[in-house]
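Student: I have a new model to read. Can you take me through it, one feature at a time?

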Amino acid sequence: IDTRLELFGDFATPVGVAPTAFHRLAHDEGEVATAAGAARAGSPFVLSSRSTTRIEHVAAAAAGPWWFQVYVTLDHAVTEAMVRRAVASGATALALTVDTPYVGHRNIPGSGRPMDLSDDLALVNMAEYLTAAQRDDPWAFIDQDPSIGLDTIGWLRQISGLPVIVKGVLRPDDARAFVDAGAAELAAWAPADL
């Protein structure tokens with residue numbers, strides 16, 4: 001059995017690592033260790049835009065093709081800067097998350113954030129793009145923008161030059177609309193009735 005996969009990079013196995021946030025809450029090496037493990041397994045790896053490790057450090061550990069997951073932030077300049085860094089670091093595709101228009105705030109008394117973690121971890125890839133005034137309340141600018149639409153796909157393709165995969169699609173008509181708007185079509189993976 002040949003499990004190799006060519007999907008915006010060559011992989012030994014089609015079983016990949018989906019984007020998940022805040023790895024350094026669980027392990028000191030965070031996303032660097034996850035990317036290195038995926039590389040050893042020959043698996044696709046998708047780095048979350050909510051990474052607790054700098055994009056460049058994770059890219060170096062990936063040692064092969066990797067993708068960058070995009071949450072479009074309320075301040076689109078932050079998203080654009082992070083996408084450009086991911087491209088410069090070697091990302092081979094973008095994975096635009098469309099099924100999370102709002103951050104799910106956990107029941108942590110007084111935190112007002114998705115999780116109780118320090119800004120140096122939560123903002124490691126974003127803080128440098130915030131103005132001094134925005135740094136007083138950074139979460140008001142880096143939460144997801146719930147108003148993104150089909151035109152976001154073209155914007156991401158234009159600023160990155162990379163294929164845009166849409167993550168979180170649940171219906172065939174939505175999948176077709178995303179592809180029609182320029183999203184990468186994964187024909188080999190799509191049901192025939194799309």
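Tutor: Helices (at least four residues) and strands (at least two) are DSSP runs, numbered from the N terminus. By that count the protein chain has eight helices and six strands. Keep in mind that this is a predicted model.

Student: In what order do the elements of the protein chain run from the N terminus on?

Tutor: They run β-β-α-β-α-β-α-β-α-α-α-α-β-α. As for contacts between residues at least 6 apart in sequence, 65% join residues at least 24 apart.

Student: Which elements have the lowest and the highest mean pLDDT?

Tutor: First the general idea. Where pLDDT is low, the predicted coordinates should not be read in detail. Here the chain averages 85, and 87% of the residues score at least 70. Helix 4 (residues 119–122) has the lowest mean among the elements, 75. Helix 7 (residues 151–160) has the highest, 97. Over residues 188–194 the pLDDT is below 50, and this stretch has six contacts in the model beyond near neighbours in sequence.

Student: What follows strand 3? Where is S49 placed?

Tutor: S49 sits in the loop between strand 3 and helix 2 (55–62). Is S49 buried or exposed? The cut-off for buried is under 20% relative accessible area. S49 has 4%, so it counts as buried. Its side chain reaches the backbone nitrogen of Y71 at 3.3 Å. Beyond its neighbours within four places in sequence, S49 contacts F68, Q69, V70, Y71, M82 and M126.

Student: M82 is in that list. Which residues of helix 3 are buried?

Tutor: The general idea first. An α-helix has 3.6 residues a turn, so residues three or four places apart point the same way. In helix 3 the buried residues are V78, T79, A81, M82, V83, R85 and A86. They pack against helix 2, strand 4, strand 5 (93–97) and helix 7.

Student: How far does helix 3 reach, and what caps its N-terminal end?

Tutor: Helix 3 covers residues 76–88, 13 residues in total. From first C-alpha to last it reaches 18 Å, close to the 18 Å expected at 1.5 Å a residue. D75 is the cap at the N-terminal end, with a side-chain oxygen 3.0 Å from the backbone nitrogen of A77. After the helix comes G90, whose phi is positive, near 110°.

Student: Which residues other than glycine have a positive phi?

Tutor: Two cases are worth a look. F22 has a phi near 60°, and A63 has one near 50°. F22 is in the loop between strand 2 (10–11) and helix 1 (30–41). A63 is in the loop between helix 2 and strand 4.

Student: Are F22 and A63 buried or exposed?

Tutor: F22 has 9% relative accessibility, so it counts as buried. A63 has 68%, so it counts as exposed.

Student: And how much of the chain is buried?

Tutor: Of its 194 residues, 43% count as buried. The chain exposes about 9,800 Å², and carbon and sulfur atoms supply 55% of that.

Terms used:
Residues are numbered from 1 along each chain as its sequence is written. This is a predicted model: local features need pLDDT of at least 70, side-chain atom pairs count only at pLDDT 80 or more; totals for chains, interfaces and linings use all residues. Side-chain values use heavy atoms; hydrogens and water are left out. Buried means under 20% relative accessible area, exposed over 50%, partly exposed in between (1.4 Å probe, protein chains only). A polar contact is a pair of N or O atoms within 3.5 Å; within protein, one must be able to donate a hydrogen and the other to accept it, and residues adjacent in sequence count only if both atoms are side-chain atoms. Contact means heavy atoms within 4.5 Å. pLDDT is the predictor's confidence in each residue, from 0 to 100. Accessible areas come from the Shrake-Rupley method with a 1.4 Å probe; for residues, only the protein chains shown count as cover. The expected span of a helix is 1.5 Å times one less than its number of residues.
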